[in-house]
Amino acid sequence: MSTERLSHYVEHARKGEQRNRLVLQRIERMLALRHNAGPVDDDILVSSGIIHLKNKTTDELLAAQRFSQDQLKRYEYRL
């Protein structure tokens, strides 16, 4: 495999790792907001980039969290 092609795969893995870390942070933030059971300010949801998680159930969030953790481990292993 050429160095250029290998560099491409390494960069792809790094981006995947970063993306999955961000997704996990957002899911964990949403789960924490739900756990606190206080009123959630819509500005927080919009500003933190987690608005798409607003209508997910807790079970859906936990499933997404497990999936993202699995994906993150795969990317970390590749690096």
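**Figure 1. A salt bridge between Arg 21 and Glu 76.** In this predicted model, the side chains of Arg 21 and Glu 76 meet in a salt bridge, with an N to O distance of 2.6 Å.

Figure 2. Asp 70 forms a salt bridge with Arg 74, and the closest N and O atoms of the two side chains are 3.4 Å apart. Both residues lie in helix H3, where they are four residues apart, about one turn of the helix. Asp 70 is partly exposed, with a relative accessible area of 33%, and Arg 74 is also partly exposed, with a value of 45%. Elsewhere in the chain, salt bridges that share partners join Glu 17, Arg 21 and Glu 76 into one network. A search of the whole structure finds three salt bridges.

Figure 3. Asn 20 has its place in helix H1 and is buried, with a relative accessible area of 9%. When residues up to four places away in sequence are not counted, Asn 20 touches Ser 68, Gln 71, Leu 72 and Tyr 75.

**Figure 4. The largest nonpolar core.** Seven residues make up the largest nonpolar core, namely Ile 27, Met 30, Leu 31, Leu 33, Ile 50, Leu 53 and Leu 61. Helix H1 supplies the largest share of this core, with four residues. Ile 27, which lies in helix H1, is buried, with a relative accessible area of 2%. Leaving aside neighbours within four places in sequence, Ile 27 is in contact with Leu 53, Leu 61, Ala 64, Gln 65 and Ser 68. The C-alpha atoms of Ile 27 and Ile 50 are separated by 7.7 Å, although the two residues are 23 residues apart along the chain. Under the exclusion of neighbours within four places, Leu 61 is in contact with Ile 27, Met 30, Leu 31, Arg 34, Leu 53 and Lys 56.

**Figure 5. A nonpolar patch on the surface.** Met 1, Leu 6 and Tyr 9 form a nonpolar patch on the surface, and together they have about 360 Å² of accessible area. Tyr 9 lies in helix H1 (residues 3-36) and is partly exposed, with a relative accessible area of 38%.

**Figure 6. The chain as a whole, for orientation.** The secondary structure comes to three helices and zero strands, and from the N terminus on the elements run α-α-α. Of the 79 residues of the chain, 23% count as buried, while the accessible surface comes to about 6100 Å², of which 51% belongs to carbon and sulfur atoms. Among contacts with a separation of 6 or more, 65% are accounted for by residues 24 or more positions apart.

Notes:
Residues numbered from 1 in each chain as written. Predicted model: local features only at pLDDT ≥ 70, side-chain atom pairs only at ≥ 80, totals over all residues. Heavy atoms only, no water. Patch = residues over 30% accessible without salt bridge, like charges linked within 9 Å, V, L, I, M, F, W, Y side chains within 5 Å. Areas by Shrake-Rupley, 256 points an atom, 1.4 Å probe, with all protein chains shown as cover. Salt bridge = Lys/Arg side-chain N within 4 Å of Asp/Glu carboxyl O. Helix = DSSP H or I, 4+ residues; strand = E, 2+ residues; numbered from the N terminus. Buried < 20%, exposed > 50% of the residue type's maximum accessible area, 1.4 Å probe, protein only. Contact = heavy atoms within 4.5 Å. Core = buried A, V, L, I, M, F, W, Y, C linked by side-chain atoms within 4.5 Å.
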